[in-house]
Amino acid sequence: MRRRFDEQLLELNQEMIAMGSRIEQAIENAGELMASRDVAAARIIMQGDQEIDRMEREIEGRCLRLLLMQQPVASDLRLISSALKMITDMERIGDQSSDIAEIITMPVEGNLLPFPSQLQQMSRETANMVRRAVDAYVTRDIELARAVVASDDVVDNLFDEVKRELIKLMNDQCNAQRHADGMQLLDMLMIAKYYERSADHATNIAEWVEYAVTGKYKGEMLQ
Amino acid sequence: MRKRIFISFIALIMVFGTLASLLLAGIVSTVIPNQVMKRLREEASLVIARMESLGAENAFGRLISTSRITHIAPDGTVLFDSTGFEDLDNHAQREEVEEALKTGNGSAVRYSSTLRANLIYVSTRLEDGTVLRLAASESASREMMGSMLPWQIFGTLALLILCLPLAARITSLLVKPILEMDLDKPDDSLVYEELIPLARRIDEQAKQNRRQLETLDERRQELDVLLGGMQEGFLAMDEDQRILLINNSACQMLGVDSRWALGKTVPEVNRRQEMLTLLAELREKGCATGMLGRGGKTYMLSASRVPHGRGAVLLISDQTEKVEGESTRKRFAANVSHELRTPPTTICGYAEMMDKGMVMPQDIPAISGVILKEGRRMLSLVEDILRLSRLDEGFPGGAHVRVGLFDVARAACESLLPAAKDKGISLACEGEEAFVLGDRTLLDELSSNLIDNAIKYNQAGGSVKVIVSAQNRGAVLTVSDNGFGIEPQHQSQIFERFYRTDKSRSKATGGTGLGLSIVKHAAEYHSAIITLKSTPGQGTTIRVAFPEPGEEGA
């Protein structure tokens, strides 16, 4: 019985890693679109989101089956319940990557505006956070998980910077009487918001990693 | 063993104790009835004496005895019984009566239906033919046995308690030599000769084990050396994709620590989509190949299941150079086809116009000039390509002789002086003679191309300086100009084939785009090192440092 359970836990772990791999790839590729604006690459990300959704449902089903049929306790229970929480965050990151890809490659009126360097940095920082959060899950590294939680502030600060930059750009546009480009600036704001949310989800994943390993969620014992 | 010996001792003692008590009980149970019988007979003789003196009736009347006394007629009728029972049945069939009637005396131990108890009977035939029978209860012997029983139990227990320490002591005495046996030198420390074969066997097996461990260790070391020395990454995994074996190269390529990676699953170590796809394919088909990009390098993965096993091995080889070389070659082929097509297109176009009679006679000098220029361009292009392809093959037939570098540089300067004069550029060649071990034609190509470039990418009134110097016994060729200079972002790429910093300007100067590529290859052929220093708008200095001739083993 235990052997079968161990096998199932191993499979769950492999599926979690596969899903983590997908989402970190998705958010990284979405960031690369800022330079390339490659429509075909964007379509791959959007299609990949369906696969991520499918993975979420599969892992969810597996977790529920394990909870019902094996009635796990202690660390096994923590692992499975945190996996259930983590896949929701992972799925959201997948959604947001898909949204970012869609917005970046949307046809625009007028001249293409370059993306502000702060937004590009934000995309790199967020992709990095997601990668490290998944790393923390794979290696069960609490230190790394805490570092990910801490680096959420970096992305939040970048979000403020992007907003300031966009306001500046908007004022410039206003003075130059070029209203068509304002739409692109709003889209950039949306992209920045999506990244900010993705970073929050990465933080959540890291927090659940800590819970899975230590039983503490946000510094408190969850019973 | 100690436990077993101890228990055996105790069991033995208990068995003996029990046997002794049983024996005692047996003795008691046979001796007591005999004693009773003896007493009954004595009593019988007393009764008989009394009967003779007092007569039967009187004798019984005042008799006081614990025994049951019965007087039986020869026909079995009971004449008297001390228990007082009347009308007893005929006693002729009773064992002891029958015996007494026959032989004069009889005895028996049996159940009495009258008294409903086990009785010991003794009977004697009197002179008048009647039988006198005395009986006593057998319970006397049982009582005695009963009183003996507590003593017996007590005795056995006492025996047990006394024997416990003794048994323990003997046991430890017996076991001690075995415990103290030195298994490394069994012959010296043995007390029991029965153990010698066992000890020998143990000794042999220990030796055999040691030998096998040594062989195993050797094999392991061989394998470690083999795998460690491999340039390719090697990784062995079990059916759950857990890593059983990973060599240093694989660790470096995947960027993990080998101690950490052992026992982890492959997706935990690397979860790139390429790797996961490969693993899925491996599981499905039993073998798979794929490419993996990591840290700016490209690796080829090839995995296959182990025959007759459920594990698999994964080989990782660095394909960065090959992939990069392929993409350079592809770019080269695309460029070559483009570059080669342009001149013939121009030539054919003008030739067609002439063929159709569409060219005015006064235009012919200009057109033929263009055709000539394009033809020359194509020629130099083909020459350059051929040269490069030879250099790609490692320049077979190239010489390794002492060549004076200053000589070569001066000759190149002389041949390019007219071109420099045309553009109004001053060209100076100075320095000392320095020798290089190599091929004269190649060195000539190298210096002409560098000087030619310095002239081409320069404005009127500029200057080009060629300096040859001997440094650290090696030779150094420096070509510096005060021309356009090269933008920093182009500097790393100018040695690539057909790479041009600015298309429009280069076409006008008439270069093939292969010159610096030839310089690079020629320098590589001589193991020379090229350094480039350039500031846009101020000029460029290219320094080619040749190694000391002796190093190549002249």
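Biologist: How much confidence does the predictor place in chain B?

Modeller: Chain B averages a pLDDT of 83, and 94% of its residues score at least 70. The model as a whole scores ipTM 0.81 and pTM 0.57.

Biologist: Where in chain B is confidence lowest, and where is it highest?

Modeller: The lowest confidence in chain B falls in helix H16 (residues 503-509), with a mean of 57, and the highest in strand S10 (residues 312-318), at 90. Where pLDDT is low, the predicted coordinates should not be read in detail.

Biologist: What makes up the secondary structure of chain A?

Modeller: Chain A has seven helices and two strands. Along the sequence they follow the pattern α-α-α-α-α-α-α-β-β. Of the 223 residues of chain A, 40% count as buried. Among contacts in chain A with a separation of 6 or more, 83% link residues 24 or more positions apart.

Biologist: Why is Arg37(A) called partly exposed?

Modeller: Arg37(A) has 14 C-beta neighbours inside 10 Å. A residue is buried at 20 or more and exposed at 12 or fewer. The count of 14 lies in between, and therefore Arg37(A) is partly exposed. Arg37(A) sits in the loop between H1 and helix H2 (39-70) of chain A. Its phi is positive, about 50 degrees, although Arg37(A) is not a glycine.

Biologist: How do you know that Arg140(A) is partly exposed?

Modeller: The reasoning rests on its 15 C-beta neighbours inside 10 Å. Buried requires 20 or more and exposed 12 or fewer, so a count of 15 makes Arg140(A) partly exposed. Arg140(A) belongs to the loop between H4 and helix H5 (142-150) of chain A. Arg140(A), a residue other than glycine, has a positive phi near 55 degrees.

Biologist: What makes the span of helix H6 of chain A close to the expected one?

Modeller: Helix H6 (residues 152-176) of chain A has 25 residues.

Biologist: Which residues of H6(A) are buried, and against what do they pack?

Modeller: Val155(A), Leu158(A), Phe159(A) and Val162(A) are the buried residues of H6(A). They pack against helix H4 (117-139) and helix H7 (182-214) of chain A. An α-helix has 3.6 residues a turn, so residues three or four places apart point the same way. Just after H6(A), Gln177(A) takes a positive phi of about 60 degrees.

Biologist: In chain B, how do you know that strands S1 and S5 are paired?

Modeller: Pairing requires at least two bridges. Five bridges join strand S1 (residues 68-72) of chain B to strand S5 (residues 131-137) of chain B, so the two count as paired, and they run antiparallel. Within this pair, Ile69(B) stands opposite Leu134(B) in S5(B).

Biologist: What is the order of the strands in the open sheet of chain B, and which are its edge strands?

Modeller: Five strands form the open sheet in the order S2-S1-S5-S4-S3, with antiparallel pairing. Strand S2 (78-81) and strand S3 (105-112) of chain B are called edge strands because each pairs on one side only. From one strand to the next, the twist averages 20 degrees.

Biologist: Which helices of chain B meet this sheet?

Modeller: Helix H1 (residues 2-54) of chain B packs on the sheet, where it touches S1, S3, strand S4 (117-125) and S5 of chain B, and its direction makes about 45 degrees with that of S4(B). Helix H3 (residues 95-103) of chain B lies across S1, S3, S4 and S5 of chain B, at about 170 degrees to S3(B).

Biologist: How do you know that S8 and S9 of chain B pair?

Modeller: Strand S8 (residues 287-294) and strand S9 (residues 297-305) of chain B share eight bridges in the antiparallel sense, and pairing needs at least two, so they count as paired. Gly290(B) has Leu301(B) as its bridge partner in S9(B). The two strands form a hairpin with two residues between them, and Gly295(B) in the turn has a positive phi of about 60 degrees.

Key. Residues are numbered from 1 along each chain as its sequence is written. Chains are lettered from A and ligands numbered from 1 in the order in which they are written. This is a predicted model: local features need pLDDT of at least 70, side-chain atom pairs count only at pLDDT 80 or more; totals for chains, interfaces and linings use all residues. Helices (H or I, at least four residues) and strands (E, at least two) are DSSP runs, numbered from the N terminus. Axes are lines fitted to C-alpha atoms, for helices over the stretch in contact, and angles run from 0 to 180 degrees between N-to-C directions. Two residues are in contact if their C-beta atoms, placed from the backbone, lie within 7 Å. pLDDT is the predictor's confidence in each residue, from 0 to 100. The expected span of a helix is 1.5 Å times one less than its number of residues.
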